[in-house]
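Hello,

Here is the structure for your files.

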Amino acid sequence: MQPRIPFTPHPKGCPSGTVYIAVEEWLLAESGGATKPAAGKISTALCAPHGQLLPRRQVPLSLTQSQGSVPAGYNSVFQWWGVTMARDAANGFSMSSPPGCQPGEISCKKLNTEGVRSAVQCSTSGGKSAGGSGTCQWTDRTLLNIAGIRDSGRAQVGVSTTCNTKPSSGGDSRAVRLVAGFHAGVADSVGARCTTTDFKADSHCNMDLAPEHEISANTYTNDIQYTNVRVTPVYHLAVGGLWRLSIWAARLKENPPYPADGVPVSEHLVTIDPDFTRNNLGTVVRDGLGWAAGKLVTLDLQQLGVNPGWHQLVVQGKATDPRSRLTQTAQVGVHFEVVPPCPKSNSPFMTHVLEQDSAWQIMDTRLGQVALQSNAFGGSYDPWVLWVKRLNSRPSFVMVSFDLSYLDPAVVITSASLNLHVSYIEEAARYGGAIPLAAYDASKTWRSTCAPNCPIFLPDWAPCIPPVCPGNQIGGGRINGQQDWNRFVTINLRPEWVTRHVAQNSTLKIALTMPWTGSGGPFGDGYGGIYFRSQNFTGGGYSPPFLRLTANCTA
């Protein structure tokens, strides 16, 4: 992702190209009757280079930790923090860690060697008071040793903090661990180039994989074990209109009948701009019982009344131990910017598609008839498909639409593109090195070209696309059938066409077609599908179509 210039300065001073992440772990007696002492709250915040290709040098990073709500008679002490980088949870990098750090770490600090870092000894341990409940805050500036990594390509980054709580008078301690997770990439080196042409889902050079846009918080205590929260997709773009997300608030694994060990999440929360120190839940988007594993959440920013500027999205999961009656909370907060209705610069912004589910459609014009065949796969994660047909009389199309009413009618769109994540390419379609995609104005319907004497039947909403009728093509692009599996493809749209819809405050409707009859290969007159936005294939994840826009407004 390329860094962008925000419309307004970031409230935390984060530089362009970073995402502000704040993760928290609470271990409190929220329901009363606890049989063990609580441990309080700890947090880590940073301007993370999420989604960035990191150069092979020392990369600066600032970490802010805080601690508070420690019960009377107890002391909670930070032990260490470390920044790890690996290909993923199961595969590490070939690398050299800095002196004193564990294998896999690119930076670390042993806090118990510099004096006790705890809220009880706040000022004497280099901290500063940060609000109520005895909260203390520390900031460390470090360098990430990217130069020590001998591999290249996509990477999973974890910022881990460990804290021990024990009675001030002595006794057994309880360990608490908190990890902030995000994704980045390591630049090429002479010995580790990311120039693969492998189109498969597991290509280590592919930073378009849907999980690469995820941000997470992971917490651990001995009694409750892991509680994990995640949110995806998070891009380096301001947002307007709809923001479609997949959230996770559960144990590390919840697939029955083999979930992960530990206490299951009993409630979860998705909200915007909360202030829990004042019992202010903010603008609640979802407040549910039980765990949420891959739940789809749609933020309609206009309907929610979220004003232009910077805000924080918070996802929280709570697990209560039935033995100790203590509740462990895992929380991740992500800053995002809402685009102003009248953007004064060409900084890019995005909005997600209106359709949660969509059916592919086929217009069958054989034997002088026109019929509309459709198929809905039925699930929110199931694919949208365009079919490659050697029988060009049977074109397929997918309808997508966007609401741009959050923009001022005076806005002039200077660039526009429809961005689609290709989840899977069937084998018959992999013989196309440059498969064309065509976008048509779906507000021009087939019936509008022949009414009132249409000789054959189609639903009133069916778009006007060739070869059934001459359509108004408003954009296009290409897919490489050999390389674009699990990658984003871009369909450039005519900016003046989008501008006209903004001025008219009308829904942007696009019919996407694939005017390609195949190249034959061993499949002859067979057909193949190109799948969009699907979780059914390796690495698919959740990547709904979105518009990327730039605009100028003089109103």
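Disulfides

Searching the whole structure turns up five disulfides. Please keep in mind that this is a predicted model.

Cys 14 and Cys 47

Cys 14 is bonded to Cys 47, with an S to S distance of 2.0 Å. The torsion about the S-S bond of Cys 14 and Cys 47 is about -75°, so the link is left-handed. Cys 14 has a relative accessible area of 11% and is buried, because buried means under 20%.

Cys 342 and Cys 553

In the disulfide between Cys 342 and Cys 553, the sulfur atoms are 1.8 Å apart. Cys 342 is in the loop between β19 (327-338) and β20 (349-352), and Cys 553 is in the segment after β31 (546-552), so the pair ties together parts that are 211 residues apart in sequence. This link of Cys 342 and Cys 553 is left-handed, with -85° about the S-S bond. Cys 342 and Cys 553 are both buried.

Cys 101 and Cys 108

Cys 101 pairs with Cys 108 in a disulfide, S to S 2.0 Å. The S-S torsion of Cys 101 and Cys 108 is about -95°, so this disulfide is left-handed. Cys 101 and Cys 108 are both buried.

Cys 163

Cys 163 also counts as buried, at 2% relative accessibility.

Regards

Technical notes:
Residues are numbered from 1 along each chain as its sequence is written. This is a predicted model: local features need pLDDT of at least 70, side-chain atom pairs count only at pLDDT 80 or more; totals for chains, interfaces and linings use all residues. Side-chain values use heavy atoms; hydrogens and water are left out. A disulfide is a pair of cysteine sulfur atoms within 2.5 Å. Buried means under 20% relative accessible area, exposed over 50%, partly exposed in between (1.4 Å probe, protein chains only). Helices (H or I, at least four residues) and strands (E, at least two) are DSSP runs, numbered from the N terminus.
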